[in-house]
Amino acid sequence: MQDERGEKPRAYTGMPANTLPEPNAAPHASLGGFLRDRRERLAPDDAATGRRRTPGLRREEVASRAGVSITWYTWLEQGRGGPPSEEVLERLARALELDAPSREMMFLLARQRLPPVRSAQPSPVGEAVQRVLDAMPTSPAMVKTATWDIVAWNAAAAALIGVDPALTPRERNSLRRLFCDPLMRSLMPDWEEHARSMVAVFRMDVARMGGSPEADALVAELQAASPDFRRLWAENEVRSHGAGRKRMNNPFVGPFTLEISAFAVDGAEGLTMLVFTPSTAADARAIEALMARRAEAA
């Protein structure tokens, strides 16, 4: 027998070959078990009729919702269908009404990797996230998209990099500011390494979301405007967000150092929170001085 892609079904349990499950393993620790567990949690459609011997949806109902054959779906639950394509997994996610964590788990079980970010357009930043930002009075913190648009920030971040609600989203883009504003270069003694890191993270984030017209347009714009961006982009380096240090040399407060941490914003695909923590008490005082100066100028 062949599946709907013309391939013979292969045994698949979500585990390496020749590996037996642990005696007390959870029943959904394989793709088939996970699909069955989520199917049984769903209430039948109102129009569904007939006596039901099991809770939740029938296999044929899930198959119909996902646009796959009942035979193919049955193979998946029995661990015989082989790992499905990303397109089929996305259809199954919709058919089974999976939330974001469950969708990620299904991809991990099926393909041993997280799913791509669904859209280049990020989820809006909620009030709870803004309260988290504001709770760090001397640690500049902001939320960025995959294309480095700053969409939320606290007072310390505003004092550090001059981001302001009056600026347009285009003007709040960190990559544009880094490569097209000479002032940003003058504030960072380690500009070259910082720029290389940002470009590498940008490339990785865009790859995770499968590319986007917005990202393509930004790359084309920066390649035309900045020889430095063109040079760094050609290096094809990729990095994930990670801990690091950022040295600054502000003409009003002098040199100071910040420690960088990055966090995914839970429930908001495509958004990352960056927190810049002062390394010492003196560094914290430098941030406080920048904030006081900004408040006086307001």
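Predicted model: local features only at pLDDT ≥ 70, side-chain atom pairs only at ≥ 80, totals over all residues.

User: Which residues of α1 and α3 meet?

Analyst: From α1 come Gly32, Leu35, Arg36 and Arg39, and they meet Tyr73, Leu76 and Glu77 of α3. By class, this contact of α1 with α3 has three nonpolar, one polar and three charged residues. Gly counts as polar in this scheme.

User: How do you know that the buried residues of α13 line one face of the helix?

Analyst: Let's begin with the residues themselves. Those of α13 that are buried are Asp283, Ala284, Ala286, Ile287 and Leu290. Looking down the axis of α13, they fall within an arc of 155°, so they line one face. An α-helix has 3.6 residues a turn, so residues three or four places apart point the same way. Turned away from the buried side of α13 is a face that carries the exposed residues Ala281, Arg285, Ala295 and Glu296.

User: What covers the buried residues of α13?

Analyst: The cover includes α7 (155-161) and the strands β3 (244-250), β4 (254-264) and β5 (272-278).

User: How does the reach of α13 compare with what is expected at 1.5 Å a residue?

Analyst: Helix α13 (residues 281-297) has 17 residues and spans 25 Å from its first C-alpha to its last, which is close to the expected 24 Å.

User: Is Arg176 buried or exposed, and how do you know?

Analyst: The cut-off for buried is under 20% relative accessible area. Arg176 has 17% relative accessibility, so Arg176 counts as buried. This arginine lies in helix α8 (residues 174-180). Leaving aside neighbours within four places in sequence, Arg176 is in contact with Arg170, Asp181, Leu218, Glu221 and Leu222.

User: What makes Glu97 exposed?

Analyst: Exposed means over 50% relative accessible area. Glu97 comes to 54% relative accessibility, so Glu97 counts as exposed. Its place is in the loop between α4 and α5 (100-111). Phi of Glu97 is near 55°, a positive value in a residue other than glycine. For background, most residues other than glycine have a negative phi.

User: And Asn236, is it buried or exposed?

Analyst: Asn236 is exposed, because its relative accessible area of 52% is over the 50% cut-off. Asn236 lies in the loop between α12 (227-233) and β3, and its phi, near 60°, is positive too.

User: Finally, how much of the protein counts as buried?

Analyst: Of its 298 residues, 41% count as buried. The secondary structure of the protein comes to 13 helices and five strands.

Methods. Residues numbered from 1 in each chain as written. Heavy atoms only, no water. Contact = heavy atoms within 4.5 Å. Helix = DSSP H or I, 4+ residues; strand = E, 2+ residues; numbered from the N terminus. Expected span 1.5 Å × (residues − 1). Buried < 20%, exposed > 50% of the residue type's maximum accessible area, 1.4 Å probe, protein only. Arc of directions from axis to C-beta.
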